[in-house]
Amino acid sequence: MEQLGNATFENYVGLTQGLSEMGYQMVAHVLTLGYAVMLAGLFYFILTIKTVAPKYRTSSVLSVVVMVSAFLLLYAQAQNWTNSFVFDVERGRYFLGDGVDLFNNGYRYLNWLIDVPMLLFQILFVVSLTKSKFSSIRNQFWFSGTGMILTGYVGQFYEVTNLVAFAAWGTISTLFFIHILILMKRVINEGKEGIPASAQKALNTIWYLFLFSWMLYPGAFLMPHLAGIEGALFGEAGIVGRQLTYTIADVTSKVIYGIMLTIVAQILSQKEGYEQK
């Protein structure tokens with residue numbers, strides 16, 4: 001199982017077991033859906049930016065940047081998938097092609113390295129912190145967000161060849177992740193003070209959405225080891241499951257999260273007497 005070095009398990013499955021037509025196309029379609037939703041989100045955030053007061057628009061601008069980054073890099077991820085596998089007519093399955101690029105989830109990590117700090121910063125331009133300092137929370141978000149992605153990026157290269165290294169880097173990444181959760185909960189709790197009940201309800205929804213979407217990422221990271229990399233049935237199911245999980249997580253943590261923040265900003269804007277011109 002080490003003939004591909006530090007390649008991800010998608011390549012090992014593609015080399016030894018191959019993928020059925022259904023499995024291959026499901027991943028291709030899920031990846032396409034991912035970048036298409038980001039493009040749709042881009043138009044939404046551009047068109048709604050003037051529905052909130054100027055003081056809240058930085059959040060919408062950050063959503064626009066996130067959508068552009070996600071669209072471009074997820075498009076590259078989708079192209080990477082189609083360029084990595086070749087259909088074998090005799091065996092009726094898709095296998096890792098000779099002389100082609102290996103499939104790499106690194107495009108997602110590059111996207112997260114850009115997007116995660118901005119996603120965390122966004123809420124700071126919508127809520128008002130009553131106890132914490134803006135600059136302190138911002139810097140901690142940046143430090144832990146960047147640390148989580150970089151250590152996860154390194155760890156994924158060992159998911160097949162070195163379980164100890166994979167677990168070590170994953171554990172470090174998880175510690176950064178836990179710190180982010182603590183900070184986000186603090187920000188939301190402080191942000192709910194003194195705002196309309198409808199905005200408080202929306203912030204509660206954001207917290208549960210945040211928990212749901214961000215918890216999906218560790219699950220996808222661990223996917224190769226949930227039932228054993230070499231399992232005949234799990235190999236293809238694991239690949240489809242991982243890409244589906246990553247895509248659901250990306251859509252909810254970026255697009256839906258951004259929409260919910262826009263709703264909060266709209267409620268606060270209306271309370272402050274802002275009228276769209």
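The model is predicted.

The largest pocket has a volume of about 390 Å³. Its lining holds 22 residues, and those closest to the centre are Met148, Ser173, Tyr217, Pro218 and Phe221. At least two lining residues come from each of helices H4 (106-122), H5 (134-156), H6 (163-191), H7 (197-221) and H8 (232-271). H6 gives the largest share of this pocket lining, with seven residues.

**Cavity**

The count of cavities of 30 Å³ or more comes to one. The lining of the largest cavity is made of Tyr56, Ser59, Ser60, Ser63, Val126, Gly258, Leu261, Thr262 and Ala265. Helix H3 (57-84) and H8 each supply at least two residues of this cavity lining. The largest share, four residues, is from H8.

The two linings and volumes are set out below.

| Site | Volume | Nonpolar residues | Polar residues | Charged residues |
|---|---|---|---|---|
| Largest cavity | about 30 Å³ | four | five | none |

**Surface patch**

Leu39, Phe43, Ile46 and Leu47 make a nonpolar surface patch of about 410 Å². One of these residues, Ile46, lies in helix H2 (residues 21-47). Is Ile46 buried, partly exposed or exposed? Its relative accessibility is 44%, so Ile46 counts as partly exposed. The cut-offs behind that call are under 20% for buried and over 50% for exposed.

Methods: Residues numbered from 1 in each chain as written. Predicted model: local features only at pLDDT ≥ 70, side-chain atom pairs only at ≥ 80, totals over all residues. Heavy atoms only, no water. Patch = residues over 30% accessible without salt bridge, like charges linked within 9 Å, V, L, I, M, F, W, Y side chains within 5 Å. Areas by Shrake-Rupley, 256 points an atom, 1.4 Å probe, with all protein chains shown as cover. Salt bridge = Lys/Arg side-chain N within 4 Å of Asp/Glu carboxyl O. Buried < 20%, exposed > 50% of the residue type's maximum accessible area, 1.4 Å probe, protein only. 1 Å grid on protein atoms, 1.4 Å probe; cavity = no way out; pocket = protein on both sides within 12 Å on 5 of 7 lines; lining within 4 Å. Points joined across faces, edges and corners; volume = space filled by probe spheres on them. Nonpolar A, V, L, I, M, F, W, Y, C, P; charged D, E, K, R; others polar.
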